[in-house]
Amino acid sequence: MIDALRFVAGHRFVRTTALCLIAYGIAVSSTIPYQSLYAVKELGMGNGAFSAFMSAVSVVSVIAAVGLGAVSDTLRDRRPLVLVLALAGALGYGAIWLGQSVAAYVIAMLTLIPLSRAITSLLFSGLRRELPGLDAGQMLSVNSLLRTFLAGAWVVTPAFAAWFVSGSQSLAAV
């Protein structure tokens, strides 16, 4: 594991990928646990409407992931697509926070957010493409470490988000 840490720290592309995975993990793990509470309690969506809406979001997310995966397979360099997807996520979450309305939430969740959620697979496939010279054991170690960074965000962030929200009147603070 120490060798993998040194490798990640010393390789600019891998280090950037690790930071992207951590940032993505923080963004998603601080919002997903609160989606239903925010939509129902803060925005006033009914339980049934929210359930139907999330089914639609799931379908759109699968279509986006498959479509973007097919597009990325034709690209020589996935980095511009990754940047566009990261920007889509930032704009989507920003629109939800700034809009604080059902319309802003629905539009962001059905357009920008599903696009941004395809970023994880692109980061890992870009990593494999960038590091063709690594033997299988080294690649496994680097991938495991980066997955640990992503998982670590899921372990730490929800606790901080819950603590942060506990002192607030609104879930919009998340």
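Of the 174 residues in the protein chain, 37% are buried, a term that stands for under 20% relative accessible area, with exposed meaning over 50% and partly exposed the range in between (1.4 Å probe, protein chains only). The model is predicted, so that local features need pLDDT of at least 70 and side-chain atom pairs count only at pLDDT 80 or more, while totals for chains, interfaces and linings use all residues. Residues are numbered from 1 along each chain as its sequence is written, and side-chain values use heavy atoms, leaving out hydrogens and water.

**Overall architecture**

- The protein chain contains nine helices and zero strands; helices (H or I, at least four residues) and strands (E, at least two) are DSSP runs, numbered from the N terminus.
- Along the principal axes, the C-alpha atoms of the protein chain fill a box of roughly 55 × 35 × 25 Å.
- Among contacts in the protein chain with a separation of 6 or more, 73% join residues 24 or more positions apart, where contact means heavy atoms within 4.5 Å.

**Surface**

**Ser29 in helix H2**

- Ser29 belongs to helix H2 (residues 12-29) and is buried, with a relative accessible area of 0%.
- A polar atom of the Ser29 side chain lies 2.6 Å from the backbone oxygen of Gly25, and the side chain of Ser29 also reaches the backbone oxygen of Ala153 at 3.2 Å.
- Leaving aside neighbours within four places in sequence, Ser29 is in contact with Ala153, Trp154, Thr157 and Pro158.

**Helix H8**

- The 12 residues of helix H8 (residues 119-130) should span 16 Å at 1.5 Å a residue, and the end C-alpha atoms are 16 Å apart, which agrees; the expected span is 1.5 Å times one less than the number of residues.
- The buried residues of H8 are Ile119, Thr120, Leu122, Leu123, Phe124, Ser125, Gly126 and Leu127.
- The cover over these buried residues of H8 includes H2, helix H4 (47-73), H5, helix H7 (112-116) and helix H9 (136-166).

**Gln100 in a loop**

- Gln100 lies in the loop between helix H5 (79-99) and helix H6 (102-110).
- The phi of Gln100 is near 40°, a positive value in a residue other than glycine.
- Gln100 is partly exposed, with a relative accessible area of 41%.

Technical notes
A polar contact is a pair of N or O atoms within 3.5 Å; within protein, one must be able to donate a hydrogen and the other to accept it, and residues adjacent in sequence count only if both atoms are side-chain atoms.
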